[in-house]
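Biologist: I have the sequence and the model open side by side, and I would like a close look at one part of it. Please take me through that part slowly, and then place it in its surroundings.

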Number of protein chains: 2
Amino acid sequence: MYSSKLSVSIHILCLAALHPDGPITSDWIAGSIHTNPALVRRLLVKLKRAGLIKTQTGMGVTGLAKPAGKISLLEVFRAVESEQRLFDIHTDTNLNCPVGAKIEQVLTATYDKMQTNLEHELDAVHLSQLVTLF
Amino acid sequence: MYSSKLSVSIHILCLAALHPDGPITSDWIAGSIHTNPALVRRLLVKLKRAGLIKTQTGMGVTGLAKPAGKISLLEVFRAVESEQRLFDIHTDTNLNCPVGAKIEQVLTATYDKMQTNLEHELDAVHLSQLVTLF
DNA sequence: CCGTTTGTAACCATTATAGTTACAAACAAA
DNA sequence: TTTGTTTGTAACTATAATGGTTACAAACGG
């Protein structure tokens, strides 16, 4: 299972999208998520580096860096999730065994398609679609 | 990222499929995976409970419990992976905030489709397809 | 009855996540 | 220019899962 970082990041981005007027602080965001501001800020840094939000010292989050219709969940996922592969594959297998020698290659090929399909699905969902649901 | 349990289990099942004649021991399997027998046996227990392999005390793995063409990766995944959801969702959000109040529901709906699609893909791959690759 | 192997329990090490405190640097506003 | 606020970041902790390891009673084939 992937961590909740994608979920929390989407939460943050939705809040930003719904408050285009004034800046919102990490403290206020943390209040909606029910966590603490430092955790929010760590995610904010990654979202900012990925070009998804704008922040300013002394102000907070000053808005999305691009329209909600142009932000896909794949971009958010790539921005915040450290390990992006779907399934872990055991390495250091016994190369003297036919299975041990090829299992990594076989599984990589098998999983790659699923990984790619998942990414396509993430890419098909945009922040704008989610924002309308609140 | 899901753990390597699915990968290791597939490794085990392929070995079993390729040795229909005699029984193979967890010790021998561990030699191919390059891990230790106890870890293999822990997976074997789950695979046996799921009706995928046959084991016997004093002998080892005596074969697949059904034809390789009838064993899908979804069955293996369900048998061995403890946490099957794709993305974790943060709970205990602030219900006084519109986003906090609905985020869990919105994300669940969004992720559910991806989860289902992934499971369909896992279900479409059968052990027999992989066995031919070694 | 013997020898082998499973099934299982009880550990340990490592890693990632999430939570928390603290504070210097940046910056808006007065 | 000064003040007050907030970010960006470091450091630390708790917790949980994974993977690795040892050990041994029970089961069972030969």
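Biologist: Which element gives the most to the surface near DNA strand D, and with how many residues?

Modeller: Please keep in mind throughout that this is a predicted model. The element that gives the most to the surface near DNA strand D is α3(A), with seven residues. That helix spans residues 37-49 of chain A, and at least two residues of this surface are also supplied by each of α2 (26-33) of chain A and α3 (37-49) of chain B, so that both chains are represented here. In total, 29 residues lie around DNA strand D, and those that come nearest are G58(A), G60(A), S4(B), A38(B) and G58(B). Sorted by class, the surface near DNA strand D is made up of 14 polar, eight nonpolar and seven charged residues.

DNA strand C is surrounded by 29 residues, of which S4(A), A38(A), G58(A), G58(B) and G60(B) are the closest. Here the elements giving two or more residues are α3 of chain A, along with α2 (26-33) and α3 of chain B, and the one that gives the most to the surface near DNA strand C is α3(B), with seven residues.

G58(B) takes a positive phi near 85° in the hairpin of β1(B) and β2(B), where three residues stand between the strands. The strands themselves, β1 (residues 53-56) and β2 (residues 60-64) of chain B, pair in the antiparallel sense over four bridges. Within that pairing, I53(B) has L64(B) as its bridge partner in β2(B), while T55(B) is partnered by V61(B).

Two further residues deserve attention for their backbone angles, given that most residues other than glycine have a negative phi. H34(A), which is not a glycine, has a positive phi near 70°, and its place is in the loop between α2 and α3 of chain A, the two helices of that chain that each supply at least two residues of the surface near DNA strand D. H34(A) counts as partly exposed because 14 other C-beta atoms lie within 10 Å, a number between the limits of 12 or fewer for exposed and 20 or more for buried. In chain B, D92(B) likewise has a positive phi, of about 55°, without being a glycine; its position is the loop between α4 (73-80) and α5 (98-124) of chain B. Because D92(B) has 10 C-beta neighbours inside 10 Å, it counts as exposed.

As for how the chains are arranged, chain A can be laid on chain B by a turn of 180° with a shift of 0.0 Å along the axis, giving an RMSD of 0.0 Å, which is therefore the relation of a two-fold axis. The same surface serves both copies, since 100% of the contact residues of chain A recur in chain B. Of the residues of chain A, the one that comes closest to the rotation axis is M1(A), whose C-alpha is at 2.7 Å.

Where the chains meet, 43 residues of chain A are in contact with 43 residues of chain B. On the side of chain A that touches chain B, at least two residues come from each of α1 (5-18), α2 and α5 (98-124) of chain A, and α5(A) gives the most, with 12 residues. The residues on this side divide into 24 nonpolar, 13 polar and six charged.

One residue of chain B, S3(B), gives a local view of contacts within and between the chains. S3(B) is found in the segment before α1 (5-18) of chain B, and, leaving aside its neighbours within four places in sequence, S3(B) is in contact with D88(A) and E81(B). S3(B) and E81(B) are 78 residues apart along the chain, yet their C-alpha atoms are separated by 7.5 Å. S3(B) counts as partly exposed because it has 15 C-beta neighbours inside 10 Å.

Terms used
Residues numbered from 1 in each chain as written. Chains lettered and ligands numbered in written order. Predicted model: local features only at pLDDT ≥ 70, side-chain atom pairs only at ≥ 80, totals over all residues. Pairing = 2+ DSSP bridges. Near = placed C-beta within 6 Å. Nonpolar A, V, L, I, M, F, W, Y, C, P; charged D, E, K, R; others polar. Least-squares fit on C-alpha atoms with pLDDT ≥ 70 in both. Contact = placed C-beta atoms within 7 Å.
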